[in-house]
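Dear colleague,

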Amino acid sequence: MVMKLKTSELTLAAMFVALMAVGANITSIAPFMVVGGVPITLQTFFAILAGVVLGSRLGAIAMMVYAFVGLVGVPVFAQFGGGFGMFLKPTFGFIVSYVFTAWLTGYIIEKMKNTVGVFVFAALAGMAINYLFGTNWMYTAYKVWASAPEAFTYKLAWLWMVVPLPKDIILAVLAGVMGLRLKRTLSKSQFSNVKKVS
């Protein structure tokens, strides 16, 4: 039973790696998800959901695997990007942040009661880490090694993030609500399998 449980966890982790790749390039599959010239990606949504469903440790590991797979050259990043050169892109901080997003989301849920309010709070906290880490990395990158526009300031970096913010808040809340239902469904399924084995 323990081996089956570990196999199911690894399967779920692999599924979230695949979902992150799809979420990064969802507009290639569904062009209508570009609103006002802004692509509606689902990476933050799936990173949060990974923390909710897999927990802090496995969720973070799944996001590490996603980042590693992309860095070794598999085109799983946005616009089908991949390769070690992606590390130098100013937006790579958001990819790193998915590890912390999944971990924090899962950690909060593990330490508190399984209620919709807790799950939504955890999801929003995970989204906040995504924005804090990713935006600060982006600002530093532009100032240190990337070619920043002359008028580029810390305030401007955050103003850029205002555009996707409403979408990410809505998706974070949705991830919290959906995640609770998924977790309950998975728990019932695992309990049912335990009864069958015994």
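Trp-103 and Tyr-107 are four residues apart in helix 4, and therefore about one helical turn separates them. Helices here are DSSP runs (H or I, at least four residues), numbered from the N terminus. This is a predicted model, in which local features need pLDDT of at least 70 and side-chain atom pairs count only at pLDDT 80 or more, whereas totals for chains, interfaces and linings use all residues. Residues are numbered from 1 along each chain as its sequence is written, and side-chain values use heavy atoms, with hydrogens and water left out.

The ring centres of Trp-103 and Tyr-107 lie 4.9 Å apart with the planes at 15°, so this pair is stacked. Rings of Phe, Tyr and Trp (its six-membered ring) pair if their centres lie within 6.5 Å; planes under 30 degrees apart count as stacked, over 60 as edge-to-face and the rest as tilted. Both residues are partly exposed, Trp-103 with a relative accessible area of 40% and Tyr-107 with 35%. Buried means under 20% relative accessible area, exposed over 50% and partly exposed in between (1.4 Å probe, protein chains only).

The whole structure holds 16 aromatic pairs. In one of them, Phe-77 and Phe-92 have ring centres 6.2 Å apart and planes at 75°, so the pair is edge-to-face. Phe-77 lies in the loop between helix 3 (43–71) and helix 4 (92–111) and Phe-92 in helix 4, so the pair ties together parts 15 residues apart in sequence. Phe-77 is buried at 1% relative accessibility, as is Phe-92 at 4%. Both belong to a cluster linked by ring pairs, which also includes Tyr-66, Phe-100 and Trp-137.

Leaving aside neighbours within four places in sequence, Met-63 is in contact (heavy atoms within 4.5 Å) with residues including Phe-16, Tyr-98 and Ala-102.

With kind regards

Note on methods. Helices (H or I, at least four residues) and strands (E, at least two) are DSSP runs, numbered from the N terminus.
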